[in-house]
Amino acid sequence: MTASSNVIIFRPRPASHGLRRPGTLIRAAREGQRSWKRERDLVRLLRADRCPVPGAALSRLRAEEEILNDQRVSRAAEYNLQRHVMLMIAILAEMRAAVAAAPQPMIAAE
């Protein structure tokens, strides 16, 4: 028997794994959903001229949120909690909007 026989080896997670953030941040983002207005808030958050189609901005939002999360974890002085919460609100809202905008599969009648 080897010394490492009781060690469980896990495979690394793929890059597209779900968000794992502190509960307080997630609760704040969920509460912020109530006052979220996509046309107003997403344009301002993205610093864009017009609102993109639902789901189109998700990769950009997640990339910026990842940068802020790295700053949070490293306790960087430039970390902006308010922007982090707004990005989390936007990510949750865009995920919902993308699902709602997706075409519904047709169920064949038997």
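Colleague: In which handedness of crossing does helix 3 pass helix 4?

Modeller: In this predicted model, helix 3 passes helix 4 in a left-handed crossing. The two pack at an angle of about 150°, and their axes are 9 Å apart.

Colleague: Which residues of helix 3 and helix 4 meet?

Modeller: From helix 3 they are Leu58, Leu61, Arg62, Glu64, Glu65, Leu68, Asn69 and Arg72. From helix 4 they are Arg83, His84, Leu87, Met88, Ala90, Ile91, Glu94 and Met95. Sorted by class, the contact of helix 3 with helix 4 holds 8 nonpolar, 2 polar and 6 charged residues.

Colleague: Which elements make up the protein chain, and how many helices and strands are there?

Modeller: The count is 4 helices and 0 strands. Read from the N terminus, the order is α-α-α-α.

Colleague: Let us turn to helix 1. Which of its residues are buried?

Modeller: Helix 1 spans residues 23-32, and its buried residues are Leu25, Ile26, Ala29 and Gly32. These residues lie on the same side of helix 1 because they cover an arc of only 125° around the axis.

Colleague: Which exposed residues are on the face turned away from the buried side of helix 1?

Modeller: That face carries Thr24, Arg27 and Arg30, which are exposed.

Colleague: Against which helix do the buried residues of helix 1 pack?

Modeller: They pack against helix 4, residues 81-101. The axes of helix 1 and helix 4 cross at roughly 60° and come within 8 Å. Here the crossing is right-handed. On the helix 1 side, the contact is made by Leu25, Ile26, Ala28, Ala29, Arg30 and Gly32. On the helix 4 side, the residues are His84, Val85, Met88, Ile89 and Leu92. By class, this contact of helix 1 with helix 4 divides into 8 nonpolar, 2 polar and 1 charged.

Colleague: And helix 2: which of its residues are buried, and against which helices do they pack?

Modeller: The buried residues of helix 2 are Arg38, Asp41, Leu42, Val43, Leu45 and Leu46. They pack against helix 3 and helix 4.

Colleague: How should I read a nonpolar core?

Modeller: The general idea is that nonpolar side chains tend to be buried together in soluble globular proteins. In this model, the largest nonpolar core has 20 residues. Those with the most contacts inside this core are Trp36, Leu42, Leu45, Leu61, Met88 and Ala90. At least two core residues come from each of helix 1, helix 2 (38-46), helix 3 (58-73) and helix 4. Helix 4 gives the most, with 7 residues.

Colleague: Take Ala90. Which residues is Ala90 in contact with, leaving aside its neighbours within four places in sequence?

Modeller: With those neighbours left aside, Ala90 is in contact with Trp36, Leu42, Leu45 and Leu61.

Colleague: What share of the residues in the protein chain is buried?

Modeller: Buried residues make up 29% of the 110 residues. As for contacts with a separation of 6 or more, residues 24 or more positions apart account for 61% of them.

Colleague: How should I read phi along the backbone?

Modeller: Most residues other than glycine have a negative phi. Arg47 has a positive phi, near 55°, and is a residue other than glycine.

Colleague: Is Arg47 buried or exposed?

Modeller: Arg47 counts as exposed because its relative accessible area is 64%, and the cut-off for exposed is over 50%.

Colleague: What is the phi of Arg75, and where is Arg75 found?

Modeller: Phi of Arg75 is near 60°, again a positive value in a residue other than glycine. Arg75 is in the loop between helix 3 and helix 4. With a relative accessible area of 76%, Arg75 is exposed.

Colleague: One last residue. Where is Ala102 found, and how far is Ala102 from Pro54 in sequence and in space?

Modeller: Ala102 is in the segment after helix 4. Ala102 and Pro54 are 48 residues apart in sequence, and their C-alpha atoms are 9.0 Å apart in space. Ala102 counts as partly exposed because its relative accessibility is 35%.

Note on methods: Residues are numbered from 1 along each chain as its sequence is written. This is a predicted model: local features need pLDDT of at least 70, side-chain atom pairs count only at pLDDT 80 or more; totals for chains, interfaces and linings use all residues. Side-chain values use heavy atoms; hydrogens and water are left out. Buried means under 20% relative accessible area, exposed over 50%, partly exposed in between (1.4 Å probe, protein chains only). The arc is that of the directions from the helix axis to the C-beta atoms. Contact means heavy atoms within 4.5 Å. Axes are lines fitted to C-alpha atoms, for helices over the stretch in contact, and angles run from 0 to 180 degrees between N-to-C directions. A crossing is left-handed if the near helix is turned anticlockwise from the far one by less than a right angle, and right-handed if clockwise. Ala, Val, Leu, Ile, Met, Phe, Trp, Tyr, Cys and Pro count as nonpolar, Asp, Glu, Lys and Arg as charged, and the others, Gly among them, as polar. A nonpolar core is a set of buried Ala, Val, Leu, Ile, Met, Phe, Trp, Tyr and Cys residues joined through side-chain atoms within 4.5 Å.
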